[in-house]
Amino acid sequence: MTADGSPSATDLHRLQRWMLSVVTHPSGVEAGIEDEATRRITDVTTDRIEEVVGRSKALDSVSRLQVYANAYFVRLLECLREEFVALHTILGQETFDAFAFQYLQADPPHSYTLGELGANFPRFLRENQPAEDLAADVPTWSHLLIDLARLERLYSEIFDGPGTENGTPLRPDDLQSIPTEAWPGCRLKPVPCLRLETFDFPVHVYRTAVTRGEEPTPPSPELTHLVLTRREFVVRRTALPVDEFEMLGALVDGATVGEAVGRWASQSELPDHELAPRIRTMFAGWAAANYFASVELP
Amino acid sequence: MSSAPRLGHANLGLGVGLRTTHYPHILEKWPAVDWFEIISENYMDSGGRPRYVLDQIAERYPIVMHGVSMSIGSTDPLDVEYLRKLKKLADDVNAGWVSDHVCWTGVTSKNSHDLLPMPYTEEALRHVVDRIRTVSEVLERPLVLENPSSYVTFAESTMPEWEFVRRMAEESDCGLLVDVNNVYVSAFNHDFDPFEYLRALPMDRVVQFHLAGHTHCGTHIVDTHDGRVIDPVWDLYKLAHELTGGASTLLEWDADIPPFEEVHSEVLKAKTVIDGDGPLPETRVAADDVEFAEEAIPHPAAFVTAEAE
Ligand SMILES: [Fe+2]
């Protein structure tokens with residue numbers, strides 16, 4: 001190791017640091033070459049660039065570097081536009097690109113995979129939310145943008161993550177075979193792709209319309225409780241009423257059926273005789289939607 | 001050091017690069033293709049559809065893995081986690097071999113997601129040779145490396161690319177993937193003779209060939225993989241075939257991808273070269289038919305987007 005902490009002060013290391021800072025400079029190749037930070041690596045100016053990068057018969061050195069520089073942001077922006085297709089639609093290309101361009105400068109790609117490129121985009125938007133929106137009583141435009149980005153990133157994670165397609169998730173029949181007296185002590189293990197998330201807007205409806213090629217109008221605020229999962233390799237999303245969402249959340253967090261149902265029943269406004277049928281309907285629906293992998297009997 | 005032809009690997013015939021848009025066609029028709037090449041990074045982290053499709057295809061066809069993220073030439077440490085996943089995928093799909101590019105993709109832990117060129121110096125050669133040895137040990141198989149398309153040359157280079165590639169292969173005992181289109185692209189961009197390049201390579205180490213289309217911008221050519229193989233590239237392929245006695249040949253088509261059969265028929269044109277029976281088909285694209293493009297972006301990596309209801 002050298003004094004500046006770099007693995008080695010070799011010519012190769014220096015050349016790579018120099019080239020990367022030139023071709024990823026947000027203001028282009030010439031600004032990259034002249035940038036103070038770049039000149040601390042290799043002190044060469046544009047008029048002396050041929051000391052580092054040769055020209056060809058047809059093209060000067062700066063134009064040759066521009067092939068890489070032009071490609072760098074365009075390639076990454078294209079990936080982000082595809083991953084955040086609904087956010088891209090709602091903002092329009094120019095505004096989306098402006099946000100994405102700032103994001104790529106604040107958080108340049110570090111992973112070997114482009115799959116990680118958008119991982120911090122929702123957080124970046126949240127951290128750069130206008131102060132007046134943070135203080136607002138009702139969800140604002142920027143809240144909508146963050147919600148969309150969160151949803152689309154979740155879709156990517158669920159699409160690529162582990163699923164249940166090769167296994168056998170819990171079916172409604174499996175639940176029916178559990179002895180009644182065993183029910184309260186049971187714990188249900190969620191499938192690995194199950195996610196429960198709350199949004200200020202029904203962004204899932206907007207996103208679906210965009211992917212169908214429709215031109216949806218931006219949604220109005222509406223507290224939305226989504227359960228997300230994957231079946232047949234496609235990401236599925238369902239909005240649940242808040243009481244059902246909270247009971248499902250309690251089960252996912254490890255509560256026993258007795259605990260989760262008890263908490264729900266104590267808060268439910270349903271008349272007593274409707275509680276049991278409603279519980280049965282909910283559990284059967286969850287099992288039919290493959291939310292659970294297995295049941296742990298007491 | 002000498003080796004058996006193709007490092008002992010079989011000549012798999014004429015293959016196609018597996019792309020997401022062709023999944024439905026392949027799964028429905030199971031077309032008669034000799035073999036498929038996959039982009040390793042599109043599968044090594046997939047727990048969903050891409051991996052499921054690959055597993056089915058790997059049951060029926062030979063699979064070869066081609067990566068874009070090893071960054072063998074970088075001065076950053078090798079990504080051990082990446083290599084571990086690469087080896088696991090290679091074991092899982094029984095990959096014929098694992099290839100990447102003579103390049104670096106980033107440094108100081110920043111990744112450009114591009115295939116950036118090496119300076120061809122003694123220092124760079126030693127660096128790459130050392131790392132190839134390490135990677136081959138981790139993967140427990142010899143690495144195969146491809147000559148990249150490039151758009152700049154470095155003043156500090158002390159040898160031509162073909163000498164660097166030859167010495168790299170011989171000193172590290174790795175295999176070569178000769179991308180004939182890349183030889184053509186770089187020869188135009190750097191004013192060298194592509195035939196001289198091919199003649200200088202250690203042909204007994206050539207495990208595989210790539211063919212592809214490119215975009216001519218007048219002053220330079222960009223490796224876009226977005227069209228047919230042009231005549232001069234077929235001419236180079238003919239020489240490469242003669243020099244090697246034949247090796248597994250694959251067509252890359254990554255942008256404006258036509259239906260599967262069209263991609264497949266493009267690589268099957270190589271039969272005319274291999275069988276050595278006269279001129280290539282009528283559908284050839286002559287070099288002077290090419291219209292110049294204003295701008296072009298090389299896309300070394302394909303990006304897979306989520307499917308959602
Ligand atoms: Fe290639």
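So, how many aromatic pairs does a search of the whole structure find over all chains? It turns up 23. Keep in mind that this is a predicted model.

Let me pick out a couple of them. In chain A, take Phe96(A) and Phe121(A): the ring centres are 6.0 Å apart and the planes sit at 80 degrees, so we call that one edge-to-face. This pair ties together distant parts of the chain, with Phe96(A) in helix α6, residues 93–106, and Phe121(A) in helix α7, residues 121–127. That's 25 residues apart. Buried or exposed, Phe96(A) and Phe121(A)? Both are buried.

Now over to chain B. Trp162(B) and Phe192(B) have their ring centres 5.4 Å apart with planes at 70 degrees, and since an angle over 60 counts as edge-to-face, so does this pair. Again, distant parts of the chain get linked: Trp162(B) belongs to helix α5, residues 161–172, while Phe192(B) is in the loop between α6 (180–190) and α7 (194–200), 30 residues apart. Trp162(B) is buried, and Phe192(B) is buried as well.

Phe96(A) and Phe121(A) belong to a cluster joined up by ring pairs, along with Phe84(A), Tyr103(A) and Phe124(A).

Which ring does Arg150(A) lie over? That would be Phe199(A), with Arg150(A) over the face at 4.2 Å from the ring centre. And in chain B, Arg60(B) puts its charged end over the ring of Trp30(B), 3.9 Å from the centre.

How values were computed. Residues are numbered from 1 along each chain as its sequence is written. Chains are lettered from A and ligands numbered from 1 in the order in which they are written. This is a predicted model: local features need pLDDT of at least 70, side-chain atom pairs count only at pLDDT 80 or more; totals for chains, interfaces and linings use all residues. Side-chain values use heavy atoms; hydrogens and water are left out. Rings of Phe, Tyr and Trp (its six-membered ring) pair if their centres lie within 6.5 Å; planes under 30 degrees apart count as stacked, over 60 as edge-to-face and the rest as tilted. Helices (H or I, at least four residues) and strands (E, at least two) are DSSP runs, numbered from the N terminus. Buried means under 20% relative accessible area, exposed over 50%, partly exposed in between (1.4 Å probe, protein chains only). A charge sits over a ring if NZ of Lys or CZ of Arg is within 6 Å of the ring centre and within 35 degrees of the ring normal.
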